[in-house]
Amino acid sequence: MNQVDLLANELKKLFNGASWIDVNIIETLSPLSAEQAAAKPFESVNSIWEIVNHLVSWRKGVLKRVQGVHFPSPENNFFEPVADTSSQAWKETLQQLNNSQQAWSKALEGMNATHLGLKWVPGNQTNYELISGILQHDAYHLGQIVLLKKFV
């Protein structure tokens, strides 16, 4: 298996498979209601929904960077209050997350090892580092979600 395939496989397992950390994004989020996702059990933390929106935005942004598009980091780091906390809005958020996974899968299908070594953005990071970073970012926030889920 080449490096691109290994990264794609790890992204797939973390999203909806048998990941090494024993949890995945979809199985963690699927049972949650909109009310649970929007809950803030602690005043100083983001809701699960806010974290999911943050994940979706960074997944899209880093994919743009990997595709050679300049994508600046916003001041708010993509943490914003959720305006619509309806069940339909939660379903749409989960669909956006799923869409981001499909976009990543499609992008990785078209990559090769040479593409992984390219440096497209300021910061001197290769595409390999960016893709590894999004995996680490997803796992980090998945851990937060798993903990928050225990309180909602």
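Q: In this predicted model, does F71 count as buried or exposed, and at what relative accessibility?
A: Buried means under 20% relative accessible area. The model is a predicted one, and in it F71 falls below that cut-off and so counts as buried, its relative accessibility being 15%.

Q: Which geometry do the rings of W58 and F71 adopt?
A: W58, at 9% relative accessibility, counts as buried, and this residue lies in helix α4 while F71 belongs to the loop between α4 and α5, so the pair ties together parts 13 residues apart in sequence. The ring centres of W58 and F71 are 6.3 Å apart and the planes stand at 75°. Planes over 60 degrees apart count as edge-to-face, so the geometry of W58 and F71 is edge-to-face.

Q: Which element gives the largest share of the largest nonpolar core?
A: This core has 37 residues, and among those that touch the most other members are V52 and W90. Two or more residues come from each of several elements, including α1, α4, α5 and α7. The largest share, 10 residues, is contributed by α4.

Q: On which side or sides of α1 do its buried residues lie?
A: The buried residues of α1 are V4, L7, L11, L14 and F15. Because they cover an arc of only 100° around the axis, they are placed on the same side of α1.

Methods:
Residues numbered from 1 in each chain as written. Predicted model: local features only at pLDDT ≥ 70, side-chain atom pairs only at ≥ 80, totals over all residues. Heavy atoms only, no water. Core = buried A, V, L, I, M, F, W, Y, C linked by side-chain atoms within 4.5 Å. Buried < 20%, exposed > 50% of the residue type's maximum accessible area, 1.4 Å probe, protein only. Helix = DSSP H or I, 4+ residues; strand = E, 2+ residues; numbered from the N terminus. Arc of directions from axis to C-beta. Phe/Tyr/Trp six-rings, centres within 6.5 Å; stacked < 30°, edge-to-face > 60°.
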